[in-house]
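Visitor: I'd like to learn how to read this model feature by feature. Could we put it on screen and walk through it together?

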Amino acid sequence: MFESLTARLESALGQVRGKVRLSSRLVDETLGEVRLALLEADVNVEVVNRLLGRIKKKSVGTEVQKSIVPGHKVIKIVHDCLVETLGTETVPLVVSAKKPQVTLVVGLQGSGKTTSAAKLAYHHQSSDRKVMLVAADLVRPGAVEQLMELGEGIGIPVFAGRDRNPVAVVRKALQQAGRTDVDSVVVDTAGRTQIDRALMTELGTIARVSDPDEVLLVLDAMTGQQAVAVAQGFQENINLTGVLLSKLDSDARGGAAISVREATGAPIKLVGTGERPGDLEVFHPDRMASRILGMGDIITFFEKAEQAMDAKRAEEMADRLIRNQFTFEDYIEQIKGMRKMGSSGELLGMIPGLRPAPADIQAVDQEIRRSEAIICSMTPSERTNPRIINGSRRQRIAKGSGTSVQDVAFLVKHFGRLRSVFQSLSTGGPGGAPPRLPKALTALSQGGLLGTLTAPGKGGQSRNRPRPAGNAKKPRTAKKRQKKKKR
Ligand SMILES: Nc1nc2c(ncn2[C@@H]2O[C@H](COP(=O)(O)OP(=O)(O)O)[C@@H](O)[C@H]2O)c(=O)[nH]1
Ligand SMILES: [Mg+2]
């Protein structure tokens, strides 16, 4: 599903991914690539223009530059605007008190109507409704037999009259449904190779006699933006309640999926994802956007980070770090913020390009718990001024936290090291780079703080191992993370 579009968008957005500094030129370039990717995917050009207009409007403001990771923010904006294009909200199937409830399945020949009618019937049946299928496609040879076979496979009766007139078939089917206490009737109608008068007249008459609760237009996803013209043609002649987009499983480009809602206003309610009766899914715009972008990790990271991190507080903390005023109190707060975002394993997994091994995750968790225990056993003055922690204080803290004197000494020592790292950021790195407050924020939000503090711990070794401070061997994950920070 969407393989080619997703690959294209991933490479387009790869340029800003993880970036803590963004020039407006880079943003423009990236959005230009996004535009091309969409056009290549056969998305309707007007839809592309409107979508990009929205994205551009949102990505120029200060909100992007001020966000935790501006590069991620741009991707998040693309995602949110795509959700809007896809319809924002999930539009459910109509639920009515009428009995039987009637669904008409309409569309061009070969779009997947008969298959989808069976899927819908199966879907209704699974919510404990008594269902009947109606074979009202008397145009396509073998269409009635095809539906009978499908119905038999899922144990749903198929009404197929002897009339040559589909309107009469539908009328009789509804009478029988009334007699047999059927809750839901799904009517498979005839299609044509293109929209023509005869078809529209026939559908109009069927709609009049059956008073449908739902009229679903089946569109073949593989036809790309042609689907827009088909939908408009049907809309002019019949009241559609929604679209069922079929063959999404075979659609690498996504042109129809992205275009239909924005171009026609008709909501996509369901998607077909295969040939079997169960291959039907409810269409959720947000999940679909994540599938199309293929960057679920960043979106989730961002949403959680924004929830957990009060931006102002984060800035204050970074500021304190830079002024060398960052204390163990701040560190504890930082850990709590991270906790709100999920387990450290989840968090590490969300950092782009990082695939931590379970052993690393365990080690990090263990180290975090240990340092938390140690800090909790410190007095407030020790937390704000770790310099006063001497031998006897170390002993007391170790006892209180169930750790060793070495553990306490290690944490204090590395805390000092961390502060100096951040301070060097503020005074400029090699080559006299300007102060990089946003970078400090990135490090914070991406677990850099925790990483630095816990880096030397690996598995269960940390307790017994003598620890050379400063140049201790770091686990793989920490190394990668540091690389990430250098970008
Ligand atoms: N892969 C895939 N094939 C589908 C899907 N829906 C329908 N088809 C296939 O598309 C072809 C045409 O479907 P059919 O229901 O006969 O179309 P109709 O002429 O509109 O009734 C058949 O071979 C179906 O098996 C789908 O969601 N995924
Ligand atoms: Mg058919």
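Visitor: Let's start with one residue: is cysteine 376 buried or exposed?

Guide: Buried means under 20% relative accessible area, exposed means over 50%, and partly exposed is in between, using a 1.4 Å probe and protein chains only. Cysteine 376 has a relative accessible area of 52%, so it is exposed. Cysteine 81, on the other hand, is buried, at 0%.

Visitor: What should I keep in mind about the model itself?

Guide: This is a predicted model, where local features need pLDDT of at least 70 and side-chain atom pairs count only at pLDDT 80 or more, while totals for chains, interfaces and linings use all residues. Residues are numbered from 1 along each chain as its sequence is written, chains are lettered from A and ligands numbered from 1 in the order in which they are written, and side-chain values use heavy atoms, with hydrogens and water left out.

Visitor: How many disulfides are there?

Guide: A disulfide is a pair of cysteine sulfur atoms within 2.5 Å. By that rule, the count is zero.

Visitor: And the overall fold, how many helices and strands does it have?

Guide: Helices (H or I, at least four residues) and strands (E, at least two) are DSSP runs, numbered from the N terminus. The protein has 23 helices and eight strands. Of its 487 residues, 52% count as buried. A contact means heavy atoms within 4.5 Å; among contacts with a separation of 6 or more, 76% come from residues 24 or more positions apart.

Visitor: Which residues are closest to ligand 1?

Guide: A residue is near a molecule if one of its heavy atoms lies within 4 Å of it. Ligand 1 has 18 residues around it, the closest being Lys113, Thr115, Arg140, Asp249 and Glu275. Helix H6 (residues 113–126) gives the largest share of that shell, four residues.

Visitor: What classes of residue make up the shell around ligand 1?

Guide: Ala, Val, Leu, Ile, Met, Phe, Trp, Tyr, Cys and Pro count as nonpolar, Asp, Glu, Lys and Arg as charged, and the others, Gly among them, as polar. The shell has eleven polar, six charged and one nonpolar residue.

Visitor: Which atoms sit at polar-contact distance from ligand 1?

Guide: A polar contact is a pair of N or O atoms within 3.5 Å; within protein, one must be able to donate a hydrogen and the other to accept it, and residues adjacent in sequence count only if both atoms are side-chain atoms. Threonine 115 puts a polar side-chain atom 2.5 Å from an oxygen of ligand 1. Polar backbone atoms take part too: glycine 112 has one 2.9 Å from a ligand 1 oxygen, and lysine 247 has one at 3.0 Å. Taken alone, ligand 1 exposes 580 Å², of which the protein buries 83% (areas by the Shrake-Rupley method with a 1.4 Å probe; for residues, only the protein chains shown count as cover).

Visitor: What does the side chain of threonine 114 pair with?

Guide: Threonine 114 sits in helix H6 and makes a 2.8 Å side-chain polar contact with aspartate 188. At 8% relative accessibility, threonine 114 counts as buried.

Visitor: Where is aspartate 183?

Guide: Look in the loop between helix H8 (166–179) and strand S4 (184–189). Aspartate 183 is partly exposed, at 23%. Its side chain makes a 3.3 Å polar contact with that of lysine 99, and a polar atom of the aspartate 183 side chain lies 2.7 Å from the backbone nitrogen of lysine 130.
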